[in-house]
Amino acid sequence: NESGEFTINRTGEDAWKVDGLSDYPVDDTSVESAVSSAASFVARRAVAESAEDLSEYGLDKPSTSFYVKFEDGGVHELIIGDEVPGGNGYYVKEKDKDRIYISETSGSYAFWFKKKLSFIDLSLTESIPTEDQIKIENIVLGGKVREKRIVLRPVTEKESSEKNNMDTYKIIEPYYFSPNPDKLSSFLTSVGGGLTAVEAVALVTSQKVLKDYGLDDPYSTLSYKYDGDTVKISVGDKDESDSTYYVMVDGKKVVYKVSSSVLTYADWKIGDILSSTVLVFIDSVESIRVKTGDVDYTYKLSGEDDDLKVTLNGKTLDTDNFRSLYQILLGGRASGQGDAERTETSPVLSVTFNYRDKDRNPVNIEYFKIDSRNYKQYVNDVPLNSVSASYINKVTKSLKDLLDGKEINTSY
């Protein structure tokens, strides 16, 4: 046909093979359907015993034909002409005979219009039951869209037991942090639902094929581990419609088209998946450094729960009052200027939480001026929220109140 040609051969009892696709994932149901349709082709009625002008039926230069050979040696070769007016079939005739028929088959999905690649299985990854999606491990988002890869894993037993822990996963690269729960849920649901392609567009027979679709240096990648198996998905260029990506899955030497609507995570940056709330459990912190234009304090913490001890320059501080300061240092309420850009390059306030567990990278929160009433919050150099000037003033006052022995009020 106009898309090329394909040959299907019997390889055993109810077993078929599409020539040229032996090394690729094939949809057996689609193959069997084509074989069944070809073997049981039925003409609805004859329209002419012969025709002086085959062009009237589109049979003078047919673009489509099919050939069927049966086990008993019988052979049928038919050529396909134009679609019947009204779309109720096609004009067909046997190649070496004169009689013209109308086929019973109608529509653009008739088996003889298929491309060889239409027999490729479009199921790229298996679905994961909802209750098991929490078992997805070693999630890595990479590709050239990101400066640094993003790595998530399920919380450990120790993390799960920490007070006030509400996370089921933790970001561990490019630094240790809590993920946005809504984004995480969306991601797990997307991955758990399995990935299905719109169509197969090319067999990967050379490096050039990968380059043609932007898969030699992928725009985005995702890998994860589930039930002992590792899955890696590479996302290349978008097609000309901008609605689908070219995609490849490790182990399947095929380039597919996948709707961008199901690859919502393809262009996520670290700021897209960070929790909008800084959650650092106080008993997991070794020290906190707070810098403003006027002060540079490093608070040292030891012990846990009722035995928590906090010192500043060797002086023991009131633990309950420090806990109030700690809640304030975790960040203020968003001021509604989250899309605004900072107007200064030096922070007016920075707070760095250093973990006792040295495998966890510090969390550094900085605040930069937007205007006289708003400040941009950055977490480990990633813009996250904006806060009001009253929050900055509250931190400054609370730092002083702690040293002066005054009770800190967490409201502002």
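**Charged side chains and their pairings**

Asp242 is partly exposed, with a relative accessible area of 48%. The model is a predicted one. Asp242 has a partner, Lys238, and the two form a salt bridge. Their closest N and O atoms lie 3.8 Å apart. That pair counts because the cut-off is 4 Å between a side-chain nitrogen of Lys or Arg and a carboxyl oxygen of Asp or Glu. Lys238 is also partly exposed, at 33% relative accessibility.

Side chains of opposite charge can pair when their charged atoms come close. By this rule, the structure holds 19 salt bridges. One of them joins the side chains of Glu77 and Lys95, at 3.8 Å from N to O. How accessible is Glu77? Its relative accessible area is 27%, so Glu77 is partly exposed. Lys95 stands at 47% and therefore counts as partly exposed.

Now turn to Arg360 and Asp357. Their side chains meet in a salt bridge, again described by an N to O distance, here 3.8 Å. Is Arg360 buried or exposed? Arg360 is buried, because its relative accessible area is 8% and the limit for buried is under 20%. Asp357 is partly exposed, at 30%.

Lys115, Glu199, Asp239 and Lys257 are linked in a network of salt bridges.

Which residues form the negative surface patch? They are Glu52, Asp53, Glu56, Asp60 and Asp82. Take Asp60 as a case. Asp60 lies in the loop between β3 (43-48) and β4 (64-69). Its relative accessible area is 45%, so Asp60 is partly exposed.

Where is Thr345 placed? Thr345 is in the loop between α6 (319-329) and β20 (349-355). Thr345 is exposed, because its relative accessible area is 69% and exposed means over 50%. Thr345 can also be located relative to Phe368. The two are 23 residues apart in sequence. In space, they are 7.0 Å apart, C-alpha to C-alpha.

Key
Residues are numbered from 1 along each chain as its sequence is written. This is a predicted model: local features need pLDDT of at least 70, side-chain atom pairs count only at pLDDT 80 or more; totals for chains, interfaces and linings use all residues. Side-chain values use heavy atoms; hydrogens and water are left out. Patches are made of residues with over 30% relative accessible area and no salt bridge: like charges are joined within 9 Å, nonpolar side chains (Val, Leu, Ile, Met, Phe, Trp, Tyr) within 5 Å. Accessible areas come from the Shrake-Rupley method with a 1.4 Å probe; for residues, only the protein chains shown count as cover. Lys and Arg count as positive and Asp and Glu as negative; His and the chain ends are not counted. The place of a charge is taken as NZ of Lys, CZ of Arg, CG of Asp or CD of Glu. Helices (H or I, at least four residues) and strands (E, at least two) are DSSP runs, numbered from the N terminus. Buried means under 20% relative accessible area, exposed over 50%, partly exposed in between (1.4 Å probe, protein chains only).
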